[in-house]
Amino acid sequence: MIETQPLNARRTVDAVIVGAGFAGLYAIYSLTRLGLKVQAFEAGQDVGGTWYWNRYPGARCDVESEEYSYSFSDELDREWRWSARYAEQPEIHAYLRHVADRFDLRRHIGFETRVVSQVWDETRGIWTVTTNDGAQIEARFCVMASGNLTVPNYPDIPGLDQFGGTIYHSARWPQDAADFTGKRVALFGTGSTGIQIAPKVAAQAAHLYVFQRTPNFSIPAGPLGKLEAATAVPAHERRRKARATPFGLSNAVLSQQSALDATEAEREIKFETVWKSGGSQPFLATFRDLLTDIQANHTAADFVRRKIGQMVKDPATVQMLSSQDYPIGTKRPCVDTDYFATFNRPNVSLVDLRKTPIERITPTGIRTEGAELQVDALIFATGFDAITGALRNIAIQGRDMSLTEKWQDGPSTYLGLMTAGFPNLFIITGPGSPGVKSNMVCSIEHNVDWIADCISWMNRNAVSHIEPTAEAEQDWGRQVSEVAHRTLFPLADTWYNGANIPGKPRVFMPYVGGLHNYIAACDEIAAADYQGFVKAYATGEQSPERSQFAGLT
Ligand code: NA7
């Protein structure tokens, strides 16, 4: 039924969903199929989330499209054909627009509307959600599909507000394509985004200055064209296989062999094979211990450094691009097309910010120690307040405190899906889940299915609200930390542990024990009637857990 009530009237729905990207769209689909009345809010003008905002030149997914797509509908699978092995942003956005139309999801979404607060009323068991236009809506459930890479990080550089040229952020790219022909451009950031932007802008600009703070390891994307139908494994088969892997990627099945057991010649052949076929996760799965043993890790890092040395002509530039001070794979490993070769162009310069810090931005350029570069445009590819940023930006008030207060020393959740003191508030790919350390679409579908099953179970069992016990949450937090500390991940400063945002608590946020193990844990907990969760039953119902819930309040 079409919702005709204006959004500014206070009304009640079963569930508010925050965000209409991959996660939000599938949450709308799933919850409406349960018969719930749903209202989603989306800050953008259209669906797409990350794939709506990040429309910078070169934006392309680094997971093969057949796996970076939904698996819930055979019809959708039959109808949609990806044109490339790794789809570019416009095609992924078109896919999400198609999904929204195909399943009639748009009528549940309030566009250009930002959720500003969510307040839990313990007496009524209801969330009151307020949007930026002052409208309020009440809901029994809130589902946070607000994304992991939502809040852009703008560096605080003196003089930035006086710059007279154009300033871009990769995550707030204008709708109309920017043209850099004949322009002098400064690009900040050499993460996945900067590495995609640099070759594209270099091809247009009069001069491109790439400002590098930390050099990145990057693996070639490999052939970009569509996989040959004859050799391709059917998409549904790949996705089924993907869920049984640590990263949710069927082609990144972890080898059983240690890099240290292989001879140098064997290692070289294996690294070379995956280097040619492309992709960072397949590269990191070449040997079982690349992310757990520093010596094994060195073998992979040295291989990539040798490759950089072969691709880049200028020795000083090679040195700057190869001076990584962290194990390969512990920062988000990048995938590129011609990134390193871009530095062979006469119109491209690499500036090492560690040796040449910026003093200030001037109206016409950038002043470093002893030099002033004249530029017409600044591009910030400086990342995000990742994983928790979008959640922290909403004033979420639980039973006893706000989410920001609760998470002041770092986020804590049970399975990444819920957090104690915030009943009926579900998070899709939240901190403590594999999320960003896995194929996001795979993780999103799993999380949404789990949430929908949980809500069904609550309704069948007259459970009015649910939240984790403090003990289960602490125990999960310990597991998240333990599995991280069995790896090399804690050795790097990354957005996985909040190090990229000044003042953000340093906690390694994703669960890196493997998507397959995480799914097994979630299934087991659900099968045991949501073990580790406190359930409040509808008035009049009797249950041993009822007193347990009361004890927490
Ligand atoms: P990332 O991976 O966070 O990369 C941001 C880059 O910007 C990285 O090179 C940072 O250097 C650099 N950065 C951040 N702040 C500054 C300042 N103040 N000055 C100079 N350079 C800075 O973001 P991306 O958008 O590239 O990728 C995010 C994810 O999107 C990616 O992992 C994929 O999942 C898709 P640093 O390394 O912090 O020294």
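Trainee: Which residues of E20 point one way and which the other way?

Mentor: Phe533, Lys535 and Tyr537 point one way from E20. Val534 and Ala536 point the other way. All of them are buried. This is a predicted model.

Trainee: How many residues of strand E20 are buried?

Mentor: Buried means under 20% relative accessible area. In strand E20, residues 533-537, five of five residues are buried. The strand is mostly covered.

Trainee: In which sense do E19 and E20 pair?

Mentor: Look for bridges. Strand E19 covers residues 463-468 and pairs with E20 in the antiparallel sense, over five bridges.

Trainee: Where does Ala462 sit?

Mentor: Ala462 is in the loop between helix H14 (440-460) and E19.

Trainee: What is phi of Ala462 near?

Mentor: Start with the general idea. Most residues other than glycine have a negative phi. Ala462 has a positive value, with phi near 55°. Tyr530 is another such case: phi is near 60°, again positive in a residue other than glycine. Tyr530 is found in the loop between helix H16 (515-527) and E20.

Trainee: Does Tyr530 count as buried or exposed?

Mentor: Tyr530 has 3% relative accessibility, so it counts as buried. Ala462 has 26% relative accessibility and therefore counts as partly exposed.

Trainee: What order do the strands of the five-strand open sheet have?

Mentor: The order is E7-E16-E8-E9-E12, and the pairing is parallel. Strand E7 (166-169) and strand E12 (348-352) are the edge strands, since each pairs on one side only. Neighbouring strands of this sheet are turned by 20° against each other on average, direction ignored.

Trainee: How many bridges join E9 to E12?

Mentor: Strand E9, residues 207-212, runs parallel to E12, and five bridges join the two.

Trainee: In what order do three strands form an open sheet?

Mentor: The order is E13-E14-E15, with antiparallel pairing. Strand E13 (358-362) and strand E15 (371-374) stand at the edges. Each has a single partner strand, so one side of each is left without a neighbour in the sheet. The twist averages 20° from one strand to the next.

Trainee: Which residue is the bridge partner of Ile361 in E14?

Mentor: Ile366 is the partner of Ile361. E13 and strand E14 (residues 365-368) run antiparallel, joined by four bridges.

Trainee: Why is strand E1 largely enclosed?

Mentor: Count its buried residues. In strand E1, residues 11-18, six of the eight residues are buried, so the strand is largely enclosed by the rest of the structure. Then look at its partners. E1 and strand E6 (residues 136-144) pair in the parallel sense over seven bridges. Four bridges join E1 to strand E2 (residues 38-41), and these two also run parallel.

Trainee: Which residue stands opposite Phe141 in E6?

Mentor: Ala15 does. For E2, Val16 stands opposite Gln39.

Trainee: Where does Glu64 lie?

Mentor: Glu64 lies in the loop between helix H2 (50-53) and helix H3 (74-79). It is buried, with a relative accessible area of 9%.

Trainee: What joins the side chains of Glu64 and Arg85?

Mentor: A polar contact of 2.9 Å joins them. The side chains of Glu64 and Arg238 are also joined by a polar contact, of 2.6 Å.

Trainee: How many residues surround the ligand?

Mentor: There are 18, and the closest are Thr193, Arg213, Thr214, Lys331 and Arg332. The residues of this shell divide into six nonpolar, nine polar and three charged.

Trainee: What lies 2.6 Å from an oxygen atom of the ligand?

Mentor: A polar side-chain atom of Thr193 does. Backbone atoms take part too. A polar backbone atom of Thr190 is 2.9 Å from an oxygen atom of the ligand. For a polar backbone atom of Gly191, the distance to a ligand oxygen atom is 3.4 Å. The ligand has 770 Å² of accessible area on its own, and the protein covers 85% of that.

Key: Residues numbered from 1 in each chain as written. Predicted model: local features only at pLDDT ≥ 70, side-chain atom pairs only at ≥ 80, totals over all residues. Heavy atoms only, no water. Near = heavy atom within 4 Å. Polar contact = N/O pair within 3.5 Å; in protein donor to acceptor, adjacent residues only side chain to side chain. Areas by Shrake-Rupley, 256 points an atom, 1.4 Å probe, with all protein chains shown as cover. Nonpolar A, V, L, I, M, F, W, Y, C, P; charged D, E, K, R; others polar. Buried < 20%, exposed > 50% of the residue type's maximum accessible area, 1.4 Å probe, protein only. Pairing = 2+ DSSP bridges. Axes fitted to C-alpha atoms, helices over the stretch in contact; angles between N-to-C directions.
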